[in-house]
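Please have your viewer open.

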Amino acid sequence: MKDSQLLHEARRVLVHAYAPYSGYRVAAALLAGDGKVYTGVNVENASYGLTLCAERAALVAAVSAGQRRFSTLGVVSEKKPDPVPCGACRQALAEFAPDCRVLVSAAGGEETLYRLADLLPRPFSYHAETNHE
Ligand code: ZN
């Protein structure tokens, strides 16, 4: 799948983001080992700390469908700043795909490609050799 298609899938669900408090809508699309794309949006809550990022929403959807291998995460937002994944999402993704590509697209359409290993060079890992079983 092309990167542009992955970002298209993220933009397609951006309308579903629930961000009444920040007004900052984010959507993510995760390309899994089965070739399918799993999407997620940010879901805010009146109790701010319960807010779930789009990236982790996509990851949870994919893992819930039985996927544990991922090659590329696409993230889009409808406005600035660029939706570079937060630390929690970097750690969550590193659990399954430490070498994942992270493609970020800002409101203006510019795209920036990162490597998760560069965004999070020293993720916490516990018995990493068994994490994918
Ligand atoms: Zn996050």
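V43 counts as partly exposed because its relative accessibility is 39%, between the limits for buried (under 20% relative accessible area) and exposed (over 50%), with a 1.4 Å probe and protein chains only. V43 sits in the loop between β2 (37-41) and α2 (54-64); helices (H or I, at least four residues) and strands (E, at least two) are DSSP runs, numbered from the N terminus. Together with Y18, Y21, Y48 and L52, V43 makes a nonpolar surface patch of about 500 Å².

A word on the ground rules: this is a predicted model, where local features need pLDDT of at least 70 and side-chain atom pairs count only at pLDDT 80 or more, while totals for chains, interfaces and linings use all residues. Residues are numbered from 1 along each chain as its sequence is written, and side-chain values use heavy atoms, leaving out hydrogens and water.

Now for the sheet. It is open and mixed, with 5 strands in the order β2-β1-β3-β4-β5; two strands pair if DSSP finds at least two bridges between them. β2 and β5 (111-115) are at the edges with a single partner strand each, so one side of each has no neighbour in the sheet. From one strand to the next, the twist averages 20 degrees. β4 (residues 101-105) pairs with β5 in the antiparallel sense over 5 bridges, and R101 has R115 in β5 as its bridge partner.

Finally, look at strand β1, where A29 is found. A29 counts as buried because its relative accessibility is 0%. Beyond neighbours within four places in sequence, A29 has contacts (heavy atoms within 4.5 Å) that include L6, V37 and L73.

Note on methods: Patches are made of residues with over 30% relative accessible area and no salt bridge: like charges are joined within 9 Å, nonpolar side chains (Val, Leu, Ile, Met, Phe, Trp, Tyr) within 5 Å. Accessible areas come from the Shrake-Rupley method with a 1.4 Å probe; for residues, only the protein chains shown count as cover. A salt bridge is a side-chain nitrogen of Lys or Arg within 4 Å of a carboxyl oxygen of Asp or Glu. Axes are lines fitted to C-alpha atoms, for helices over the stretch in contact, and angles run from 0 to 180 degrees between N-to-C directions.
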